[in-house]
Amino acid sequence: MKKQIFIFSVLFLALISLNFKNDTNNKKSNIDKKVKKLLSEMTLDEKIGQMTQVDMLAFADPQDVEKYFIGSVLSGGGSDPKDITAKGWADNYDMFQSFALKTRLKIPMIYGIDAVHGNNNIDGAVVFPHNIGLGATKNAKLIKEASRIIALEIAGTGVDWAFAPCVAVGRNEKWGRTYESFSEDPTLVSILGKATVEGLQTKSLSDPTAILACAKHFLGDGGTTNGKDQGNTVVDNETLRKIHLPGYIKAIEANVGSVMVSYSSWNGVKNHGNKYLITDLLKKELGFKGFVVSDWAGIDQLPGNFKSDIEQSINAGMDMVMIPNGPKQPNNYVEFINDLKELVNEGKVPMSRIDDAVSRILKIKFAMNLFNNPYTDKALTKEVGSQEHRKVARQCVKESVVLLKNDGILPLKKDVKSLYITGSGADNLGRQCGGWTIEWQGKEGTVMSGGTTLLQAVKETVSKDTRVTYSADGNGAAGSEFAIVVVAEKPYAEMFGDTSNIVLSKEDIAVINSVKESKVPFVVVLYSGRPVIITDLIDKCNAFAAAWLPGTEGKGVTDVLFGDYNPTGKLPVSWPKNMEQIPINVGDKDYSPLFPFGFGLNYTK
């Protein structure tokens with residue numbers, strides 16, 4: 001009887017699986033038919049329009065979306081509507097969409113943003129830890145849940161495409177985008193990158209709260225010589241595949257709908273024009289079925305003039321070109337459209353390449369059900385920044401904190417008599433969040449509403465009888481029972497974040513020395529986008545915690561400091577002793593970091 005039940009169960013599950021596969025295949029078949037029909041009705045101008053993505057501030061007139069059949073709009077770093085609340089963004093999205101739907105074929109546009117650690121362009125949104133912090137959690141289930149929350153906060157603004165996840169494998173801490181990488185380890189990057197795609201896109205892109213994910217930057221951007229942003233990755237094919245490709249393989253397994261090409265070069269050849277990487281490897285060998293988009297004015301970096309840039313990139317396999325205020329042709333979307341049309345008419349870009357690109361874009365738009373639901377669901381708008389969403393971000397923060405040293409001072413008691421707080425990051429939400437927060441490079445101070453600094457979090461955590469004092473410069477610690485020193489890198493992002501000397505500022509070092517001289521026991525909390533050289537400083541304090549760039553939820557840090565959460569964070573990168581050791585990565589022949597990859601203390605051991 002048990003054997004019969006087992007056989008029946010196996011057959012039943014097989015039938016369910018077959019029906020699911022048939023349903024999936026039917027949906028794909030229906031989409032393919034719709035794409036083929038729509039493509040047959042399109043003029044060359046309409047097709048090229050679908051391949052054109054224009055930054056909102058690059059438009060001479062928003063009505064050009066209708067005039068030139070623009071297929072996509074984006075807001076890059078600092079390119080925002082005047083009203084940056086969730087409602088303001090939703091109204092902005094709906095305005096651009098209204099012009100797209102006035103075109104002859106009423107093909108909806110898709111709107112992309114750099115939502116790289118939450119919907120970080122929106123005032124009042126929940127900002128999550130940057131990827132390096134999420135890497136310290138090593139918790140794929142949590143990262144998937146966080147990405148689902150981020151998707152909801154994006155959907156509440158109408159936007160339907162996030163330029164995330166970054167699956168770069170950061171191999172040099174000098175690189176200014178190190179914090180956008182989950183880890184120096186390709187396996188961890190792959191696992192968490194896949195989880196992010198699954199959280200953003202959900203089980204089906206047709207879900208009204210699904211957000212199109214974008215694996216970036218293809219390929220090898222984390223391995224450039226000397227960590228130079230947009231630089232040259234000098235490795236052989238085997239190493240490129242071993243270190244930098246796994247994240248894309250897993251993202252494709254998760255059905256990622258778009259991939260962004262890297263500014264960087266591989267052995268001297270710019271990726272934006274590399275047919276081997278884009279077409280032969282990504283599309284043919286890996287079987288990527290979505291569409292490929294360029295980075296911000298990325299094709300402008302190819303040798304030659306703008307028209308030859310277009311020819312090389314499109315023939316290499318680029319499906320959509322991102323056009324902001326480019327260095328070669330400012331506000332050049334009209335130039336792009338005209339040049340690409342000429343290239344097709346001259347036979348330099350085959351019509352088959354145009355049709356392939358447009359088909360890929362339209363398939364995603366049909367899969368997202370944009371033709372039936374093109375506008376913002378305003379019911380989601382009011383949920384942006386909700387307390388439920390903040391709880392998930394807070395959990396991410398507490399799991400990301402890596403305890404590097406503790407002589408027994410931690411966890412602190414909530415009923416301590418007096419507590420002194422100091423340091424550049426203690427009451428500075430901008431430093432707590434880092435780059436890509438409201439502004440492209442981030443900014444100092446109260447960067448947005450709704451966040452909680454560590455100082456605020458401490459005041460809300462300790463007992464009402466605890467006396468909490470604060471100064472930013474380290475003066476006034478004497479007489480306190482304990483002190484918390486929060487040191488922090490200034491906000492930065494790509495291009496401006498590269499450095500040859502990863503050290504704390506003189507001001508931060510002075511604060512640590514001042515508190516040390518007061519003879520008050522103290523813990524140092526570090527906000528940074530990468531490991532900072534602390535070899536000469538760590539012996540001065542009683543405890544040291546790497547909190548990375550935790551975002552808006554400072555209470556996640558105090559959860560760890562006051563023992564509400566026993567730290568579980570583990571280093572996703574190797575922590576160097578000095579600058580001479582960089583680059584240093586787990587697996588190196590001579591491997592002797594200050595703290596090894598995977599290191600992290602807790603209160604149990």
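Begin by selecting Glu346 and Lys307, whose side chains form a salt bridge with the closest N and O atoms 3.1 Å apart; a salt bridge here is a side-chain nitrogen of Lys or Arg within 4 Å of a carboxyl oxygen of Asp or Glu. This pair links distant parts of the chain, since Glu346 lies in the loop between helix H12 (333-345) and helix H13 (351-367), Lys307 lies in helix H11 (residues 306-316), and the two are 39 residues apart. Helices (H or I, at least four residues) and strands (E, at least two) are DSSP runs, numbered from the N terminus. Glu346 is partly exposed at 42% relative accessibility, and Lys307 is also partly exposed, at 21%; buried means under 20% relative accessible area, exposed over 50%, and partly exposed in between (1.4 Å probe, protein chains only).

Before going on, note that this is a predicted model, in which local features need pLDDT of at least 70 and side-chain atom pairs count only at pLDDT 80 or more, while totals for chains, interfaces and linings use all residues. Residues are numbered from 1 along each chain as its sequence is written, and side-chain values use heavy atoms, with hydrogens and water left out.

Next, select Lys283, Asp319, Arg353, Asp356 and Arg360 together, which salt bridges with shared partners join into one network.

From Lys283, move along helix H10 (residues 275-285), where Lys283 is buried, as are Leu277, Ile278, Thr279, Leu281 and Leu282. At the start of H10, look for a side-chain oxygen of Asn274, which reaches to within 3.1 Å of the backbone nitrogen of Tyr276. Beyond the helix, select Gly287, which follows H10 and has a positive phi, near 75°.

Now turn to Lys216 and Asp114, whose side chains meet in a salt bridge at 3.6 Å, N to O.

For the last stop, select Asp91 and Lys378, whose side chains meet in a salt bridge of 3.7 Å, N to O. Asp91 belongs to helix H4 (residues 86-100) and Lys378 to helix H14 (residues 378-381), and this pair also links distant parts of the chain, 287 residues apart. Asp91 is partly exposed, with a relative accessible area of 32%, and Lys378 counts as partly exposed at 44%. A search of the whole structure finds 32 salt bridges.

Note on methods:
A polar contact is a pair of N or O atoms within 3.5 Å; within protein, one must be able to donate a hydrogen and the other to accept it, and residues adjacent in sequence count only if both atoms are side-chain atoms.
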